[in-house]
Amino acid sequence: MKLRVPPPVVGLLCAGAAWGLHRWGPLIEVHVPGQRAVAVTLIAVGLAIDVTAVIAFFRAKTSITPLAPGKTTELVVSGWYRFSRNPMYLGMLGVLIGWVLWLGQPLGVLTLILFVIWITTFQIVPEEQVLAQKFGERYEAYRSRVRRWL
């Protein structure tokens, strides 16, 4: 399976779909006190997870190119990677959750589900196959102790 759509593009498309549902979907909106503050917090946390996960890759001097996982030269297992095998995607999901919460459109949850399914099927699973081939038992040990998402 060839990886063709960069995960940030998938995230932006899902964010756009959530906005489309908000703009042109059914007139259903949910707003509760503090909703926007929680949304901004989730977005900030998601971005922080993404940035620190990318920094971990730079420190390890390995590739962050999601379309070419075979270019990875080092298995990163520290920082956020102790809790999630995919903190960059987890961070993107956090940003999307915050965005959907900001919009207040309950149907936006569908875009979150779509993001998780797409990224898992078309990005994470192929990456895992490459990493298993490349790092063998070391990756399998990591995979057995750290969850895919969280």
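Reply: Buried means under 20% relative accessible area, exposed means over 50%, and partly exposed lies in between (1.4 Å probe, protein chains only). This is a predicted model, in which local features need pLDDT of at least 70 and side-chain atom pairs count only at pLDDT 80 or more, while totals for chains, interfaces and linings use all residues. Residues are numbered from 1 along each chain as its sequence is written, and side-chain values use heavy atoms, with hydrogens and water left out.

Me: What makes Glu128 and Arg85 a salt bridge?

Reply: A salt bridge needs a side-chain nitrogen of Lys or Arg within 4 Å of a carboxyl oxygen of Asp or Glu. The closest N and O atoms of Glu128 and Arg85 are 2.6 Å apart, so the pair meets that cut-off. Both Glu128 and Arg85 are buried. Arg85, Glu128 and Arg148 are linked in a network of salt bridges.

Me: Which parts of the chain do Glu74 and Arg138 link?

Reply: Their side chains meet in a salt bridge at 3.1 Å, N to O. Glu74 is in the loop between α2 and α3, and Arg138 is in helix α4, 64 residues apart. Helices here are DSSP runs (H or I, at least four residues), numbered from the N terminus. Glu74 has a relative accessible area of 30%, so Glu74 is partly exposed, and at 43% Arg138 is partly exposed too.

Me: Why is the pair of Trp19 and Trp24 called edge-to-face?

Reply: Rings of Phe, Tyr and Trp (its six-membered ring) pair if their centres lie within 6.5 Å; planes under 30 degrees apart count as stacked, over 60 as edge-to-face and the rest as tilted. By this rule there are five aromatic pairs. Trp19 and Trp24 have ring centres 5.1 Å apart and planes at 85°, so this pair is edge-to-face. The rings of Tyr139 and Tyr142 have centres 6.3 Å apart and planes at 55°, so that pair is tilted. Both Tyr139 and Tyr142 are buried.

Me: Why is Trp24 called exposed?

Reply: Trp24 has a relative accessible area of 63%, so the label is exposed. Trp19, at 35%, counts as partly exposed.

Definitions and conventions
Helix = DSSP H or I, 4+ residues; strand = E, 2+ residues; numbered from the N terminus.
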